[in-house]
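This briefing covers the strands, helices, aromatic pairs and backbone angles of one model. The sequence and structure come next, and the notes follow by topic.

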Amino acid sequence: MKIINNVKKMQACADQARFEYKKIAFVPTMGYLHEGHLSLIRIARELCDLLVVSIFVNPSQFAPHEDFDAYPRNFQRDFEMTEKEGVDIVFSPEIDEIYPSKFQTYVSLEKIPIHLCGISRPIFFRGVATVVTKLFNIVKPHTAVFGKKDYQQLLVIRRMVSDLHMDIDIIGGETIREHDGLAMSSRNTYLTKTQRESALSLNKAMKSAQTAVESGVIDASRIISETKAFISSHPGTQIDYVAICDPETLEDIQVINRPALMALAVKVGSTRLIDNMILNMK
Ligand code: AMP
């Protein structure tokens, strides 16, 4: 496995692979890898001849008060995990390599980011769209794999790729959970034992919502208020949003008479967790 931290070198490897008609698949990450990341890597491995994983904690998607400095990092462990999965190249650039001092070009979308996480994190999706565009131009993949755990992010990437005619297939991988239902996240490492107990309320609440919908409840506002009450009854939780919305536009849905996205963002202590599920009628 090669570790590359230079843009030009990465581009040269991608050019060489394309010259040899090799298929390049790409999994962008911020590192501190877990089984969720590995599941995407395994999907990508099957689709290509050259598998590239990036590890880059992207400063442009963090607001000044957020956890950029504290974000967990363990490059050695990440390299060992990627090597075991048969990754060919880990691209892990320094910040200056991606954002040199004269940098001033951003990619932003008009509609998808005005919902859900974009409300409390107004610069987040601009940072994501910008860094993913840059990484696509550096890694030159045919295919890239993203997790449905970050549902809104996946929508942003799909929209951007379509709008900007990027010739890349975007694949969505299912959310991988701990045995007790907590969605895996690098940020779970911040949670104390009690906070982790409280964090389980997100998945439990979504499951109850699904059961309610199956039993004929169609009033989204009723499910939302029951969900909020349930999560708030757990110590240390502070709800950012609970939404039931259209899975494509993310606009709120009042009546659940078709598949609807339930999306949650909750702070547990100071850790912000997100999760989502598609609610299906019986
Ligand atoms: P991150 O390192 O958090 O930026 O995530 C890198 C990629 O892994 C993104 O496409 C995420 O959606 C995906 N991902 C994160 N957590 C999970 C999970 N629990 N299951 C599946 N994919 C995930």
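Leu 50, Val 52 and Ser 54 point one way from strand β3, Leu 51, Val 53 and Ile 55 point the other way, and all are buried. Buried stands for under 20% relative accessible area, exposed for over 50%, and partly exposed for what is in between, with a 1.4 Å probe and protein chains only. Six of the six residues of β3 are buried, so the strand is largely enclosed by the rest of the structure. The model is predicted: local features need pLDDT of at least 70, side-chain atom pairs count only at pLDDT 80 or more, and totals for chains, interfaces and linings use all residues. Residues are numbered from 1 along each chain as its sequence is written, and side-chain values use heavy atoms, with hydrogens and water left out.

**Sheet**

- Helices (H or I, at least four residues) and strands (E, at least two) are DSSP runs, numbered from the N terminus.
- Six strands make an open sheet in the order β1-β4-β3-β2-β5-β6, with parallel pairing; two strands pair if DSSP finds at least two bridges between them.
- β1 (2–4) and β6 (169–173) stand at the edges with a single partner strand each, so one side of each is left without a neighbour in the sheet.
- From one strand to the next the twist averages 25°.
- Six bridges pair β2 with β3 in the parallel sense, and Phe 26 stands opposite Val 52 in β3.
- Strand β2 (residues 24–29) is joined by two bridges to strand β5 (residues 143–147), and the two run parallel; Ala 25 stands opposite Thr 143 in β5.
- Helix α6 (residues 124–139) packs on the sheet and touches β2, β3 (50–55), β4 (89–91), β5 and β6, with its direction at about 145° to that of β2. Contact means heavy atoms within 4.5 Å.
- Helix α7 (residues 151–163) also packs on the sheet, touching β5 and β6, and its direction makes about 170° with that of β6. Axes are lines fitted to C-alpha atoms, for helices over the stretch in contact, and angles run from 0 to 180 degrees between N-to-C directions.

- Thr 82 belongs to helix α3 (residues 75–84) and counts as buried at 0% relative accessibility.
- Leaving out residues up to four places away in sequence, Thr 82 touches Met 1, Leu 33, Ile 41, Val 53, Val 87 and Val 90.
- Helix α9 (residues 220–232) has 13 residues and reaches 18 Å from its first C-alpha to its last, close to the 18 Å expected at 1.5 Å a residue. The expected span is 1.5 Å times one less than the number of residues.
- In α9 the buried residues are Ala 220, Ile 223, Ile 224, Thr 227 and Ile 231. Seen down the axis of α9, they fall within an arc of 100°, so they line one face of the helix; the arc is that of the directions from the helix axis to the C-beta atoms.
- The cover over the buried residues of α9 includes α8 (193–214), β7 (237–245) and β8 (260–268).

**Aromatic pairs**

- Rings of Phe, Tyr and Trp (its six-membered ring) pair if their centres lie within 6.5 Å; planes under 30 degrees apart count as stacked, over 60 as edge-to-face and the rest as tilted. The count by this rule comes to nine aromatic pairs.
- Phe 26 and Phe 136 form an edge-to-face pair, 6.3 Å centre to centre with 70° between the planes. Phe 26 lies in strand β2 and Phe 136 in helix α6, so the pair ties together parts that are 110 residues apart in sequence.
- Phe 26 counts as buried at 0% relative accessibility, and Phe 136 is buried with a relative accessible area of 4%.
- Tyr 99 and Phe 103 form an edge-to-face pair, 5.0 Å centre to centre with 80° between the planes. Tyr 99 counts as buried at 12% relative accessibility, whereas Phe 103 is partly exposed at 22%.
- One aromatic cluster is formed by Phe 56, Tyr 99, Phe 103 and Tyr 106.

**Positive phi**

- Most residues other than glycine have a negative phi.
- Tyr 32, in the loop between β2 and α2 (35–46), has a positive phi near 55° and is partly exposed, with a relative accessible area of 23%.
- Leu 116, in the loop between α4 (95–98) and α5 (117–120), has a positive phi of about 40° and counts as buried at 8% relative accessibility.
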